[in-house]
Amino acid sequence: MSTNAKNDCAVVEEELDEEPRSIILSMIGQLRKDMDLSRITFPTFVLEPRSFTERVTDFMSHPDFLIQASKCEDPVQRFIGVVKYYMSGWHIHPKGVKKPYNPILGEFFRSRYAFDDDTSAFFVAEQVSHHPPITAMFYHSPEHHIAIEGDLRPKSRFFGNSVGMLLEGYAKVHFGKWNENYQVTYPNMYARGILFGKMVLELGETSTVTCQESDLAFDVEFKTKGLIWGTYNQIAGKIRRISTKEVLYEISGNWQTQIFILDVREKRRVGSLEPSVLFDSAKEHVVPQLVACAAEQEPNESRNLWKYVTKAIVENNLDNATTYKSAIEEEQREDAKRRDAAKDRFVPRFFQLETDGNYHPKLKNISEDPVKAKDDIVNWVFTRPDGQIQNFDKAENDPVVLAAGLAATKSLPRH
């Protein structure tokens with residue numbers, strides 16, 4: 001992998017050796033343009049060593065931004081804080097152009113966050129459907145009355161010299177103190193240059209953040225580089241009133257490095273105004289998530305489930321990685337056959353499909369009392385089938401996990 005800093009753009013590139021590229025070319029020979037890739041098995045050298053259920057937590061890399069936003073009295077400043085949080089999650093990515101493991105049905109990932117002010121937050125994501133793939137998620141900080149829920153429905157498409165991941169689904173950020181809901185949509189991801197040239201990761205298309213209660217919306221275009229002109233990772237967005245469409249702020253910059261904000265009304269008043277920095281990835285701290293050791297995890301918990309694959313990828317033993325990955329996928333197929341034979345319908349553990357067509361947490365009516373809310377969430381998220389709650393204080397002693405380098409960081413390394 002190489003990083004190109006030209007024009008202040010940190011570009012994620014990867015140049016494949018002859019053998020990996022020949023494998024991709026052989027696989028692509030069986031594909032058609034615009035074909036759905038959800039049933040295609042990708043070779044292990046293109047895999048990021050973590051599951052998509054954990055990849056979702058990239059959006060929670062800077063939860064402190066939400067905490068700061070929720071304390072603002074001014075609804076416009078709260079909205080700007082949510083925009084800052086939303087835009088801060090995209091600079092997190094693996095080294096190289098990689099895709100996470102496709103989660104198996106019923107797989108889940110859970111973690112907790114400990115903040116500097118002695119408050120906390122809790123997270124769980126579950127694979128509630130395999131075909132089509134749907135990952136439902138839940139995040140809650142009881143002391144700050146902040147909740148996030150949603151489901152992600154990635155659809156992979158083959159476009160010739162690129163593969164795209166179209167991120168459909170919904171996500172909602174809720175500020176309990178203000179009774180505000182922020183609806184979020186996502187851009188698409190593209191891996192360019194899979195047939196010729198260097199492989200490059202790009203985000204593209206338009207996404208939105210909308211809050212009906214404050215009459216505010218944020219529309220942002222993630223710009224893709226043209227064949228000849230343009231630069232990588234550029235964005236252009238506007239914060240506007242929903243009712244009048246009046247533009248209040250303009251957002252610009254590079255989603256990988258620095259993002260800027262400009263007060264349009266102030267510029268109009270003074271005649272000339274330089275934008276200020278909204279987010280600088282080099283200066284901000286990624287809040288680590290805490291994950292229980294392997295002995296405290298269940299068999300279908302993401303890190304435990306994929307630990308042999310992860311170890312093999314980290315050690316660059318792609319043959320072993322393929323063997324372990326194939327075993328997991330074969331067991332999933334056998335489980336599906338058993339359910340079909342028994343006419344047994346899969347029921348998610350943490351989420352349920354509701355009348356709006358989306359998956360929502362089964363835990364309802366969370367108390368406004370932080371102490372009770374925390375107890376209810378911890379019991380719901382971290383209780384194992386044996387009735388015991390995961391012990392986060394137990395040291396990691398699983399040799400496979402230790403060899404994969406997961407225990408020391410508490411969180412997988414990210415670029």
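This is a predicted model: local features need pLDDT of at least 70, side-chain atom pairs count only at pLDDT 80 or more; totals for chains, interfaces and linings use all residues.

I started with contacts (heavy atoms within 4.5 Å). Among those in the protein between residues at least 6 apart in sequence, 58% join residues at least 24 apart. Numbering runs from 1 along each chain as its sequence is written, and side-chain values use heavy atoms, with hydrogens and water left out.

**Overall make-up.** I looked up 10 helices and 19 strands; these are DSSP runs numbered from the N terminus, helices being H or I of at least four residues and strands E of at least two. Of the 415 residues, 51% are buried, meaning under 20% relative accessible area, with exposed over 50% and partly exposed in between (1.4 Å probe, protein chains only).

**Cores.** A nonpolar core here is a set of buried Ala, Val, Leu, Ile, Met, Phe, Trp, Tyr and Cys residues joined through side-chain atoms within 4.5 Å. Which members of the largest one touch the most others? Tyr186 and Phe218 do, out of 56 residues. Helix H4 (residues 75–88) gives the most to this core, 8 residues. Another core of 18 residues lies apart from it, and includes Ala136, Tyr359, Ile377 and Val378.

I then checked Tyr186. Leaving aside neighbours within four places in sequence, Tyr186 has contacts that include Phe59, Tyr86, Trp90, Met137 and Ser207.

**Cavities.** A cavity is a set of points on a 1 Å grid over the protein atoms alone where a 1.4 Å probe fits but cannot get out; lining residues have an atom within 4 Å of a point. I got 3 cavities of 30 Å³ or more.

**Helix H8.** I compared length with expectation: the 24 residues of H8 (residues 318–341) should span 34 Å at 1.5 Å a residue, and the end C-alpha atoms are 34 Å apart, so the two agree. (The expected span is 1.5 Å times one less than the number of residues.) Ala321, Lys325, Ile328, Glu329 and Gln332 are its buried residues. Their cover includes strand E3 (47–51), helix H6 (302–305) and helix H7 (307–314). Just after H8, Lys343 takes a positive phi of about 50°.

Technical notes. On a 1 Å grid over the protein atoms alone, a cavity is a set of points where a 1.4 Å probe fits but cannot get out, and a pocket is an open set with protein on both sides within 12 Å along at least five of seven lines; lining residues have an atom within 4 Å of a point. Grid points are joined across faces, edges and corners, and a volume is the space filled by probe spheres set on the points.
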